[in-house]
Amino acid sequence: MTNCPAKRDVSEMASPTPLTKALIYGGKTGWIGGKMAVLLKEEGVEVVLSEARIENREEVANELDAVKPSHVFMAAGVTGRPNVDWCEDHKPETIRTNVIGTLNVADLTMERGIHCTVYATGCIFKYDDAHPVGSGIGFTEEDAPNFDGSFYSQTKGYMEPMLKCYSNCLILRVRMPISDDLSHRNFITKIVKYERVVNIPNSMTVMYEMLPASLAMAKKGLAGVYNFCNPGVISHNECLDLYTKYIDPTYTYKNFSLEDQAKVLKAGRSNNELDATKLLRDLPEGIKINDIKTAVELCMQRMQKNLTEEFGPLPDSLPKEVRKN
């Protein structure tokens, strides 16, 4: 296991570099990258969407030298379509992006003294004897990954200890991201389409609240690993009950066990709680995030408004792919 010395908090250093020009990897086609581009432009920041293939070190180096960004936001990565099972049959492609590409961006930005925010994952842990389900004991930023049940999570588990060695990198452990639309990447949209779901409490990331927090953290010059989730946990059933309450009262769902789920998946799935203590301690002034249950309910309220404006009265106007009845 790679072991890098503890770094001092970048927020304690003399003034961080002002955020004036952002280069976004994964900004053209990526979900998080696209949302960050919108946020940054709203802040008056000049935004450049990367054209480079991150697995090609020379392309990345040339682009960094041409663009000369004050900050880099690394949101490129392979998660697989329609889900992480894809990575089981495409291991070299997964490695090129999630390992080689990510290291290229981290290394080349450090060489140039550029702050780099990496949207990583918290799906590198699973509940264990020291962190039982429902105990409220979450994994901290110092804990080593203990979940390698999918190749996707394996690659991410390899990466985090190495990324810790780059003092310019802010590494954000995103989990089961939720948005207030019907994006196919939205955790709610995914589970709504499933025939059956497991019902396990998990840490999750509500994008509406957390992405502005990541922007503020980059401005502050924070570095190192952060559990990037709303505090607390919420279960699949609680998410779907809120979906039923605000979006589609006719929606119904069925549960099944982890054992039964494993029979229909190529790869295992991570379930865990991540401790939010460090994140809440270091959040820049003026940034507030809600506990996950409040955040998801507010998200469903925004989704109700957004979908009604886009499609018309709910639930009859909803697209067929999310209607079961």
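# Exercises on a predicted model

Lys68 belongs to the loop that joins H2 to strand S3 (71–74). The model is predicted, and the exercises below start from this residue.

**Exercise 1.** Determine whether Lys68 is buried or exposed, and describe its phi angle.

Solution. 
Step 1. The relative accessible area of Lys68 is 62%.
Step 2. Exposed means over 50%, so Lys68 is exposed.
Step 3. Phi of Lys68 is near 55 degrees. This is a positive value in a residue other than glycine.

**Exercise 2.** Carry out the task of Exercise 1 for Met176, and state where Met176 lies.

Solution. 
Step 1. Met176 is placed in the loop between S5 and H6.
Step 2. Its phi is near 40 degrees, again a positive value in a residue other than glycine.
Step 3. The relative accessibility of Met176 is 14%. Buried means under 20%, so Met176 counts as buried.

**Exercise 3.** Describe how helix H2 and helix H4 pack, and sort the residues of their contact by type.

Solution. 
Step 1. Two packed helices are described by the angle between their axes and the distance between the axes.
Step 2. For H2 (residues 57–67) and H4 (residues 91–111), the angle is about 40 degrees and the axes are 10 Å apart.
Step 3. The crossing of H2 past H4 is right-handed.
Step 4. H2 contributes Arg57, Val60, Ala61 and Leu64 to the contact, while H4 contributes Asn104, Val105, Asp107, Leu108, Thr109 and Glu111.
Step 5. By type, the residues of this contact are 5 nonpolar, 2 polar and 3 charged.

**Exercise 4.** Find out whether Thr102 is buried or exposed, and list what it touches.

Solution. 
Step 1. Thr102 is part of helix H4.
Step 2. With a relative accessible area of 6%, Thr102 is buried.
Step 3. Leaving out residues up to four places away in sequence, Thr102 touches Ile54, Met74, Thr97, Val118, Met159 and Leu163.

**Exercise 5.** Describe the largest nonpolar core: which members touch the most others, and which elements supply it?

Solution. 
Step 1. In soluble globular proteins, nonpolar side chains tend to be buried together.
Step 2. The largest nonpolar core here has 30 residues. Met36, Leu40, Phe73, Tyr119, Met217, Phe228 and Leu279 touch the most other members.
Step 3. Two or more residues each come from strand S1 (21–25), helix H1 (31–42), strand S5 (169–174) and H7.
Step 4. H7 gives the largest share, 7 residues.
Step 5. As a detail, Met36 is in contact with Ile24, Phe73, Tyr119, Leu211, Ser214 and Leu215, when neighbours within four places in sequence are set aside.

**Exercise 6.** Count the aromatic pairs, and classify the pair Phe125 and Phe139 and the pair Tyr243 and Tyr251.

Solution. 
Step 1. A pair of aromatic rings is described by the distance of the centres and the angle of the planes.
Step 2. Ring centres within 6.5 Å make a pair, and the count comes to 3 aromatic pairs.
Step 3. For Phe125 and Phe139 the centres are 4.6 Å apart and the planes stand at 25 degrees, so this pair is stacked.
Step 4. Phe125 and Phe139 both sit in the loop between strand S4 (115–121) and helix H5 (151–163), 14 residues apart. Both are buried.
Step 5. For Tyr243 and Tyr251 the centres are 5.5 Å apart and the planes stand at 80 degrees, so this pair is edge-to-face. Both of these residues are buried.
Step 6. Tyr243, Tyr251 and Tyr253 form one aromatic cluster.

**Exercise 7.** Explain why helix H8 is described as largely enclosed by the rest of the structure.

Solution. 
Step 1. The buried residues are His236, Asn237, Cys239, Leu240, Leu242, Tyr243, Thr244 and Tyr246.
Step 2. Their cover includes helix H6 (187–192), S6, strand S8 (254–255) and helix H11 (292–311).

**Exercise 8.** Locate Pro315 and describe the peptide bond from Leu314 to Pro315.

Solution. 
Step 1. Pro315 is in the segment after H11.
Step 2. The bond from Leu314 to Pro315 is cis, with omega near 5 degrees.

Key:
Residues are numbered from 1 along each chain as its sequence is written. This is a predicted model: local features need pLDDT of at least 70, side-chain atom pairs count only at pLDDT 80 or more; totals for chains, interfaces and linings use all residues. Side-chain values use heavy atoms; hydrogens and water are left out. Axes are lines fitted to C-alpha atoms, for helices over the stretch in contact, and angles run from 0 to 180 degrees between N-to-C directions. Helices (H or I, at least four residues) and strands (E, at least two) are DSSP runs, numbered from the N terminus. A crossing is left-handed if the near helix is turned anticlockwise from the far one by less than a right angle, and right-handed if clockwise. Contact means heavy atoms within 4.5 Å. Ala, Val, Leu, Ile, Met, Phe, Trp, Tyr, Cys and Pro count as nonpolar, Asp, Glu, Lys and Arg as charged, and the others, Gly among them, as polar. A nonpolar core is a set of buried Ala, Val, Leu, Ile, Met, Phe, Trp, Tyr and Cys residues joined through side-chain atoms within 4.5 Å. Buried means under 20% relative accessible area, exposed over 50%, partly exposed in between (1.4 Å probe, protein chains only). Rings of Phe, Tyr and Trp (its six-membered ring) pair if their centres lie within 6.5 Å; planes under 30 degrees apart count as stacked, over 60 as edge-to-face and the rest as tilted.
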